[in-house]
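Open the model in your viewer and keep the selection panel at hand. This tour goes stop by stop.

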Number of protein chains: 2
Amino acid sequence: MQHCDTLILAGWCIPVEPHGIVLDDHAVAITDGRIVDLLPAADARSLYAAGTTIERPGHALIPGFVNAHTHAAMTLLRGLADDLPLERWLKESIWPAENRWVGTEFVRDGTRLAIAEMLLSGCTCFSDQYFYPEIVAETAENMHMRAVVATPVLEFASPWANNAAEYLSKGTELVHDRFAEHALISSAFAPHSTGTVSDESFTALRVLADQLDKPIQLHLHESAQEIEDALAATGERPIDRLERLGLINSSLLAVHAVHLTDEEISRFAAAGVQVVHCPNSNLKLADGVAKVAQMQANGIVVALGTDGAASNNLLNMPGEMRSAALLAKTKANDATAMPAASALRMATFDGASALGLADQVGSLQSGKWADLCAIDLTRLNSQPVYDPISQLVYAIHANQVRDVWVAGRHQVENGELSQTSEADIVRRSSEWRDRINAKLTQEA
Amino acid sequence: MQHCDTLILAGWCIPVEPHGIVLDDHAVAITDGRIVDLLPAADARSLYAAGTTIERPGHALIPGFVNAHTHAAMTLLRGLADDLPLERWLKESIWPAENRWVGTEFVRDGTRLAIAEMLLSGCTCFSDQYFYPEIVAETAENMHMRAVVATPVLEFASPWANNAAEYLSKGTELVHDRFAEHALISSAFAPHSTGTVSDESFTALRVLADQLDKPIQLHLHESAQEIEDALAATGERPIDRLERLGLINSSLLAVHAVHLTDEEISRFAAAGVQVVHCPNSNLKLADGVAKVAQMQANGIVVALGTDGAASNNLLNMPGEMRSAALLAKTKANDATAMPAASALRMATFDGASALGLADQVGSLQSGKWADLCAIDLTRLNSQPVYDPISQLVYAIHANQVRDVWVAGRHQVENGELSQTSEADIVRRSSEWRDRINAKLTQEA
């Protein structure tokens, strides 16, 4: 008998890579936080002496979801300003609230709330863009959550930095010194958008990101208004401007990319640009629906993200996956577009690829970190099960995520956080609501 | 002190009518299955001596959801044939499976599964179109669920009837004799679509429905293909043909209505036609997105439906409400379209109106049946709560529905069915899956 730390036996194991495969009654063996084997359950029982054995009949065991774009701390602003267009939402509600409230305590509490919500819905890795990225990174580390922490870059002052140079220097410190070579935390740069960053800063950022070998992610072609404003201000579409500045390349993760011409899709494909699709945020802000099937057909890696809870308003990857699959069909005018297995891949392996973590997570393959979730398909709303992948994409609720492991640590057990007090997080969130509401009442 | 059977005290009561109101710390008093009072919790405690008192702090108490269009028994085919276009989905998968399997046992088991799923997600009333409507009605009655049971009408034979005349006569018996004046069950006629019913049968149906004073609901302008096929076959758009046959009037409930011209929207408004919007089914079959905001602006009552689980694949009204609100914004190119309160109204009161039940259910008003649900907003993903209506529409999962009452009977308690065995329903569903799969394997 061989030793392993943990053996998880599930009704179905869905490795994602290879694509579209469902393995009935299989097991994953874990040692030192990594997957060491994927094999039939019967073989696993005879081959492995496990420290801990977990049996999940009727459950699908899959790679944890990868949320490739969010602003975790903004969960504290969830529902504060709904049903507004992007520009008014940002300028009249979100930015003033952020300027008033954002600080270390806000970011820590908001990020804790977000990570807890993501874990409970099966997400094991998120990419974040927000002020105080060092607090985001510390919080993820403390909660044992995998994160790509991106440093914001803006021209204007925020509570965290005064100007683009300071954003860049603070970001460099974080990227270079504090979280280099970390098992759970990696880093990136996140210029907010082409409307809020100058040519000079983009150029400085490009040089710096090249030196440090770090990816750049930014909100790009999210709304028609953004493109119109850019044309009015600079005479260039944002993508053309970035091309001129040398940023359209394989280090770029373009977030949203709702409004791309056919030519721009070809250009992204040729340059190796990756995209993050945020379907529900795009709908809510009336931005439109990205041409995901067309991008994928052109070979672009498209990841999936929730965006922040202030514009979604859930950090619920299973729901986002469902929306992505459904919207892709109507957008492409083709009901066969984005079949269930492709949607599941987008929410896991493609997310890992887009974040540069494809060799680390995103599939049930030996050597990768054991970032996993087990989803209960015995619930009424998932019955009967003809095809487990179809049920995962089209017929589950988030609470059917019963177990989640990050680098082998059992973070969600039977649908509850094992390492974190939910009651404490809810209490802190309510306190923030009371504080923010009191100020709004006082000002009104 | 006055007597009432049940007193429910909730953190928030949201009556829906009047529109957009949130009542903090209020209570609903129930006697003989009907709402008798809605008042502040403190007043309720001093005024009422209740047989049963139920306290739900942190919960929103709302009217139960009205699912205005489904095919309940088709839950047994959930996930059998995904990612196919409407015509192939119907002709190659669904209709052959139905012809092989549909019978009294299939309809009873499928309808039980569907009702259980709907109750658990807060739905207290559904409108159904399926074969063996007498079994649908009996099952709803046995499970104490409110239902509008519509008799299908088709030219071609099914296991239930051989021709249009037989569908009509069987429907008349059901409507006229067996479920007349029932507290929970009402009835309607459901010609399947303009492509499957002749002019002669439509005319006979119109006369019959007038005599019996029953509404007619049918799939109408669901896909572009349906309209093209009709033009090729008859030279008329389906709506024009129905107009000629005298069916475009206030007795008509048009299901889907994805493809309407501006003129057709005006015509529906002028004639008092109601519409059922099924956003996720329409996306999945690549039919498109209905112009809901435009229809509402024209004064058309638009209800919300899940459609059957074979094309959705959930019977989850909270999720459908969220999708409707999000899609309306992008379809109208206006992020202020369908604000949260309008989406909640669509999923409750407007559904009741469209089904002719506005005086019976759909709001928390004295005299109406106590069809209610309590939704827990203390969960992480609904925190913090600035606006309970926003959270209900944008930031809940179905499992936050903790209690459901139909005509005052407590059908879901703490998230579990109180009157029905979930395990039994799951077992029966699995047996159907095994039977259907065995036949598919045998034929392959």
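Start at the interface of domain 1 of chain A and domain 2 of chain A: seven residue pairs are in polar contact across it, both residues at pLDDT 80 or more. A polar contact is a pair of N or O atoms within 3.5 Å; within protein, one must be able to donate a hydrogen and the other to accept it, and residues adjacent in sequence count only if both atoms are side-chain atoms.

This is a predicted model, where local features need pLDDT of at least 70 and side-chain atom pairs count only at pLDDT 80 or more, while totals for chains, interfaces and linings use all residues. Residues are numbered from 1 along each chain as its sequence is written, chains are lettered from A and ligands numbered from 1 in the order written, and side-chain values use heavy atoms, without hydrogens and water.

Next, select A:Asp371 and A:Arg146. They form a salt bridge, with the closest N and O atoms 2.6 Å apart. The rule (a side-chain nitrogen of Lys or Arg within 4 Å of a carboxyl oxygen of Asp or Glu) finds two salt bridges across this interface.

Now colour the two domains. Domain 1 is 2–63 + 370–413, and domain 2 is 65–354; the bounds come from an automatic or database domain assignment. Their centres, taken over C-alpha atoms, lie 29 Å apart.

Last, show the contacts (heavy atoms within 4.5 Å). Here 26 residues of domain 1 meet 28 residues of domain 2. The buried area, meaning the accessible area (1.4 Å probe) that two parts lose on being put together, summed over both, is about 2,200 Å². Carbon and sulfur atoms give 68% of that area.
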